[in-house]
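Thanks for coming. Please have the sequence and the 3D view open while I talk.

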Amino acid sequence: MMSDPSRCSGIPHCSLCGEPAVFRRRQTGTHLCGTHLASDIEAQVAETIASHRQVVPGDRIAVALSGGKDSTALLILLHRLFYSRDDVHLVAVTVDEGISGYREATIRSAGDLARKLGVEQITVSFPELFGRTLDTILTGRGAQACSICGILRKKALVIAAERAGATKLATGHNLDDEAQSVLMNVLRGDLVRLVRDSGADSGGKFIPRIKPLMYISEKEIAAFLMVQGIWEDLPECPYAVHALRREVRSMLAATEYRHPGTMRRLMENKKKVESAFHTRAAGPAIGSCRECGDPCSGELCQYCRLRHALGL
Ligand SMILES: [Zn+2]
Ligand SMILES: [Zn+2]
């Protein structure tokens, strides 16, 4: 009689090959060994890239590499998918914000990874671009840390991607991040921002941003990295304590645990809002920033407004 290999003994075994399992998908009850988890994640990422047409021949992809878990997994996966192709080129782009006691280690591991994979790397820093470190900028403004840093980092990544001559900018946002963003926009009463966040309405003015890990959960990424032999526990940003995101994150993780599939269903909402906007062409009109020319919906872009507020 055939038996389910995952039920042979007390220790869970891979549902596909019977080797010891390292991961269990709660939604399906499937157990996966390291090899099958890695190939499964690789296939999911390839599927996301293909179905959203994220990469086309001739692309030069700037891969945002902070050195944290998500971006490390992203570069490893994109490198695996594209290293044998000569019509797609990868460049790692790293932003050193200047967060003392936190960024040094991750910046170093970003450089190590790029070198190990043989991927060219471009690094830009806040002092170089904005004249000050993030620590200095945030003095007395801790409560706004994540929104200030988010705007400046986005700008820095775009500048780095332009310097790299890139046609796309890939970021390591995962399923948890994306589901959190959907919920946060709902909690703030700002559904329109969902569409704006996707960059889908930039009318070709932005360098297109792609998120190949948008359907891969934080847990899958952590397990994937362990399978790659990366055990290092990369520290969390010291400023993140102030963020609404942190609350949403733990709430959503608890809900996902009790109701597997919650995060994916939140993502479905985003898709529906997006397609409603596209069919009705009701998105906010996109013009150009009076000062820097970047695409934006008002007179000044978020970055230039912030630049004035901070006196940068
Ligand atoms: Zn297996
Ligand atoms: Zn501007």
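First, some ground rules. This is a predicted model, where local features need pLDDT of at least 70 and side-chain atom pairs count only at pLDDT 80 or more, while totals for chains, interfaces and linings use all residues. Residues are numbered from 1 along each chain as its sequence is written, chains are lettered from A and ligands numbered from 1 in the order in which they are written, and side-chain values use heavy atoms, with hydrogens and water left out.

Now the overall make-up. The protein has twelve helices and nine strands. Buried means under 20% relative accessible area, exposed means over 50%, and partly exposed is in between, using a 1.4 Å probe and protein chains only. The accessible surface is about 15,900 Å², and carbon and sulfur atoms hold 53% of that. These areas come from the Shrake-Rupley method with a 1.4 Å probe; for residues, only the protein chains shown count as cover. A contact means heavy atoms within 4.5 Å. Among contacts with a separation of 6 or more, 70% are between residues 24 or more positions apart.

Next, the sheet. In what order do the strands of the open sheet run? The order is β5-β4-β3-β6-β7, five strands with parallel pairing. Strands β5 and β7 (209–210) are at the edges with a single partner strand each, so one side of each has no neighbour in the sheet. Two strands pair if DSSP finds at least two bridges between them.

Take β4 (residues 89–96) and β5 (residues 120–125): they pair in the parallel sense over six bridges. To get from β4 to β5 the chain passes through helix α3 (residues 103–117), a right-handed β-α-β crossover. Right-handed means that, with the strands pointing away from the viewer, the path from the first strand over the helix to the second runs clockwise. One bridge to look for joins Thr-94 to Thr-123 in β5.

Further along the sheet, β3 (residues 60–64) and β6 (residues 168–170) are also parallel, with three bridges. There, Ile-61 has Lys-168 in β6 as its bridge partner.

Now to helix α9, residues 218–227. Which of its residues are buried? They are Glu-220, Ile-221, Ala-223, Phe-224 and Leu-225. The cover over them includes β1, α1 (34–51) and α2 (69–82). After α9 comes Gly-229, with a positive phi near 85 degrees.

On to salt bridges. Side chains of opposite charge can pair when their charged atoms come close. The cut-off used here is a side-chain nitrogen of Lys or Arg within 4 Å of a carboxyl oxygen of Asp or Glu. By that rule the structure holds 16 salt bridges.

One of them is between Arg-103 and Glu-97, at 2.6 Å from N to O. Both Arg-103 and Glu-97 are buried.

Another joins Glu-128 and Arg-163, with the closest N and O atoms 2.8 Å apart. Glu-128 is in helix α4 (residues 126–130) and Arg-163 in helix α6 (residues 145–163), so this pair ties together parts 35 residues apart in sequence. Glu-128 is partly exposed at 43%, and Arg-163 is partly exposed at 46%.

Since Glu-218 belongs to α9 and Arg-249 to helix α10, the pair ties together parts that are 31 residues apart in sequence. Glu-218 counts as partly exposed at 27% relative accessibility, as does Arg-249 at 34%. Salt bridges with shared partners also join Arg-25, Asp-40 and Glu-220 into one network.

Leu-187, Leu-244 and Met-251 make a nonpolar surface patch with about 260 Å² of accessible area together. A patch takes residues with over 30% relative accessible area and no salt bridge; like charges are joined within 9 Å, and nonpolar side chains (Val, Leu, Ile, Met, Phe, Trp, Tyr) within 5 Å. Met-251 sits in α10 (residues 244–258) and is partly exposed at 42%.

His-13, in the segment before β1 (23–25), is buried at 13% relative accessibility. Its C-alpha atom is 6.3 Å from that of His-31, 18 residues away along the chain.

Conventions. Helix = DSSP H or I, 4+ residues; strand = E, 2+ residues; numbered from the N terminus.
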